[in-house]
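User: Hi! I'd like to go through this model with you, a few questions at a time. Could we start with how burial is judged?

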Amino acid sequence: MRTALTNNKRAVLYVRVSSDEQVKGTSLDDQVLKCKEYCAQNGFEVVDTFRDEGASAKSIDRVEFLNAIEFCRKNKIEAFVVVRVDRFARNTEDHFSVRKILLDYGTTLHSVTEPIGDSPVGKLIETVLAGTSEFDNAIRKIRCSGGMNRRIKEGIYPWKPPIGYICANFKKRDMKKTECDKPDPARFQMVKRLLKYVLETGEVSNKKLAELVNSWGLTLRNGKKISPQQIDRILSNKYFAGIISNPFDGADDPGKHEAMITVEEHEKIQLMRKGK
């Protein structure tokens, strides 16, 4: 449990990385070391360190970030120290909103590697850096969206595939997805059997179908039973018909993965579910 200290010129350190790969490396420790060196050089006593491991700065909804701000509210903290402004926030509006909150608590933001401050020049530099961080984040988002759109056009689903296909965990391994999803030997045939069963019998009750597939032994990847809501997602998903619904342009693009049913069969299931 964190306890408050009574010495003057106290500081909290906030460090953040945005991917699992960085967490496994030394980025967090490097940030902590640089922040501590900064505090030693500027006469600040480090009260506590807050670490967001694998958290994005796109949103201020970061657990340790919020804990650090709350700590400043409850305790007399003079300095909120980060390695760079982009560790604080990647949105200009959030940056100055949170900075104002900290100032109300008597806490100023300090960047180890950037000359920000309350002087006119320092304020200008901070504004430019905050805006640059937001711009950089926007560019990254555009590049990421463009890359995912290209993969879809190549017939590759860039996200985690639905049940029945192997999840290769590319994102966790910090890798780009370059091949189509492969059938899951334990589940592919059972999901296909479900879709064929609906076509043959006309049964579209999510509850009844969930009970049926659970009796077959079909489970989610985590071993949990299939729910009626999951049946609904399976029956409505074009992916099982070999189609990737592209959110970037609204198109239905053909996928390279092995389909379970035809597009016509998928459309027939949708009509059956609507009572037609």
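Analyst: Happy to! A residue counts as buried when its relative accessible area is under 20%, and as exposed when that value is over 50%. Keep in mind that this is a predicted model.

User: Is Asp52 buried or exposed?

Analyst: Asp52 sits in strand β2, which spans residues 45–53. Its relative accessibility is 6%, and the cut-off for burial is under 20%, so Asp52 is buried.

User: Which backbone nitrogen does the side chain of Asp52 reach?

Analyst: Leaving out residues up to four places away in sequence, Asp52 touches residues including Tyr14, Val15, Arg62 and Glu64. Phe65 is also one of the residues it touches. At 3.0 Å, the side chain of Asp52 reaches the backbone nitrogen of Phe65.

User: Why is strand β1 described as largely enclosed by the rest of the structure?

Analyst: In a regular strand, side chains alternate between the two faces of the sheet, so both faces are worth checking. On one side of β1, Arg10, Val12, Tyr14 and Arg16 are buried, and on the other Ala11, Leu13, Val15 and Val17 are buried too. Strand β1 covers residues 10–17, and it is largely enclosed because the number of its eight residues that are buried is eight.

User: Which residue of β3 is the bridge partner of Leu13?

Analyst: Strand β1 runs parallel to β2, with eight bridges joining them, and Val12 stands opposite Asp48 there. Three bridges join β1 to β3 (residues 79–82), also in parallel. In β3, the bridge partner of Leu13 is Val81.

User: Which element gives the most residues to the largest nonpolar core?

Analyst: This core has 28 residues, and Ile163, Leu194, Leu195, Ile231 and Phe240 touch the most other members. The elements giving two or more residues to it are α6 (188–201), α7 (206–216), α8 (228–236) and α9 (263–273). With seven residues, the one that gives the most is α6.

User: How many residues are in the other core that lies apart from it?

Analyst: Among the members of that other core are Val47, Ile69, Ile77 and Leu102. Its number of residues is 17.

User: Which backbone oxygen does the side chain of His257 reach?

Analyst: His257 lies in the loop between β6 (252–254) and α9, and it is buried because its relative accessible area is 5%, against a cut-off of under 20%. Beyond four places in sequence, the residues it touches include Gly155, Tyr165, Cys180, Asp181 and Tyr239. At 2.8 Å, its side chain reaches the backbone oxygen of Tyr239.

Definitions and conventions:
Residues are numbered from 1 along each chain as its sequence is written. This is a predicted model: local features need pLDDT of at least 70, side-chain atom pairs count only at pLDDT 80 or more; totals for chains, interfaces and linings use all residues. Side-chain values use heavy atoms; hydrogens and water are left out. Helices (H or I, at least four residues) and strands (E, at least two) are DSSP runs, numbered from the N terminus. Buried means under 20% relative accessible area, exposed over 50%, partly exposed in between (1.4 Å probe, protein chains only). A polar contact is a pair of N or O atoms within 3.5 Å; within protein, one must be able to donate a hydrogen and the other to accept it, and residues adjacent in sequence count only if both atoms are side-chain atoms. Contact means heavy atoms within 4.5 Å. A nonpolar core is a set of buried Ala, Val, Leu, Ile, Met, Phe, Trp, Tyr and Cys residues joined through side-chain atoms within 4.5 Å. Two strands pair if DSSP finds at least two bridges between them.
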